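Hello,

Here is the structure I promised to pass on. Please open it alongside this email.

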Amino acid sequence: MAVVRFHLVSTLAPEDVLAVLTDFSSSRAEAWPTIDAKHFEVHDLGDTWAEVTEGTAAAWERARYEWKPGGDTVTITTLDSKLFGAGGGWVFRMTPVAGGTRVDVELTREPTTLKGKMLAALLPVAAPPSLRKSFAGPLQAG
């Protein structure tokens with residue numbers, strides 16, 4: 001199992017970070033650089049959860065998002081993934097700070113294929129800078 005932890009600081013208020021993370025409208029693929037419209041599908045959506053497939057042809061994931069309105073955590077459980085299969089996921093924790101929100105991110109991957117195991121070995125070193133960069137735009141982080 002590979003675990004990656006990092007944080008970023010957003011200029012958005014915690015409730016606005018939550019809104020960005022849980023916006024499953026058609027504009028999601030425009031806002032997030034790691035999602036293309038061809039690989040974005042909302043399978044089911046509730047007030048505090050969503051099941052979606054998102055990503056690209058190279059790396060897509062079907063996941064279940066869960067959150068509480070006004071809460072400080074979004075938990076994403078991977079149901080299926082092109083590279084890693086089921087298991088693992090993401091946790092986003094928001095903490096108010098002066099001028100915005102600190103967003104602590106934890107990514108856990110359960111590789112099932114040889115390619116997935118090789119990628120998982122690289123994640124702790126390679127992933128934080130590229131993930132920070134991909135989240136910077138949508139979460140308005142520096």
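Below is what turned up in it, by topic.

**Confidence**

Bear in mind that this is a predicted model. The protein chain has a mean pLDDT of 92. Of its residues, 100% reach 70 or more. Strand 2 (residues 41-45) has the highest confidence, at 98. Confidence is lowest in helix 3 (residues 114-136), where the mean is 83.

**The largest pocket**

Its volume is about 780 Å³. A total of 30 residues line the largest pocket. Nearest its centre lie Thr34, Ala59, Trp90, Arg109 and Leu131. Strand 3 (49-55), strand 4, strand 5, strand 6, strand 7 and helix 3 each give two or more residues to the lining.

Which element gives the most to that lining? Helix 3 does, with 9 residues. Keep in mind that helix 3 is also where confidence is lowest in the chain.

By residue class, the lining of the largest pocket has 19 nonpolar, 6 polar and 5 charged residues.

**Helix 1**

Helix 1 covers residues 14-21. Its buried residues are Pro14, Val17, Leu18 and Leu21. Seen down the helix axis, they fall within an arc of 100 degrees, so they line one face of helix 1. As background, an α-helix has 3.6 residues a turn, so residues three or four places apart point the same way.

Ala19 and Pro124 are 105 residues apart in sequence. Their C-alpha atoms are 27 Å apart in space.

**Two loop threonines**

Start with Thr22, in the loop between helix 1 and helix 2. Is Thr22 buried or exposed? Its relative accessibility is 17%, and the cut-off for buried is under 20%, so Thr22 counts as buried. Thr22 is in contact with Trp67 and Val74, leaving aside neighbours within four places in sequence.

Thr112 sits in the loop between strand 7 and helix 3. With a relative accessible area of 52%, Thr112 is exposed. Thr112 touches Phe84 and Gly85, not counting residues up to four places away in sequence. Thr112 and Gly85 are 27 residues apart along the chain. Their C-alpha atoms are separated by 6.2 Å.

**The end of helix 3 and the segment after it**

Ala136 belongs to helix 3. Ala136 has a relative accessible area of 22% and is partly exposed. Pro96 is 40 residues from Ala136 along the chain. The C-alpha atoms of the two are separated by 17 Å.

Gln140 is found in the segment after helix 3. Check its backbone when you look there. Gln140 is not a glycine, yet its phi is positive, at about 50 degrees. At 42% relative accessibility, Gln140 counts as partly exposed.

**Where to look**

For a quick pass, I would go to the largest pocket, with its 30 lining residues. Then view helix 1 down its axis, where the buried residues line one face. Finish at Gln140 and its positive phi.

Best wishes

How values were computed
Residues are numbered from 1 along each chain as its sequence is written. This is a predicted model: local features need pLDDT of at least 70, side-chain atom pairs count only at pLDDT 80 or more; totals for chains, interfaces and linings use all residues. Side-chain values use heavy atoms; hydrogens and water are left out. pLDDT is the predictor's confidence in each residue, from 0 to 100. Helices (H or I, at least four residues) and strands (E, at least two) are DSSP runs, numbered from the N terminus. Buried means under 20% relative accessible area, exposed over 50%, partly exposed in between (1.4 Å probe, protein chains only). The arc is that of the directions from the helix axis to the C-beta atoms. On a 1 Å grid over the protein atoms alone, a cavity is a set of points where a 1.4 Å probe fits but cannot get out, and a pocket is an open set with protein on both sides within 12 Å along at least five of seven lines; lining residues have an atom within 4 Å of a point. Grid points are joined across faces, edges and corners, and a volume is the space filled by probe spheres set on the points. Ala, Val, Leu, Ile, Met, Phe, Trp, Tyr, Cys and Pro count as nonpolar, Asp, Glu, Lys and Arg as charged, and the others, Gly among them, as polar. Contact means heavy atoms within 4.5 Å.
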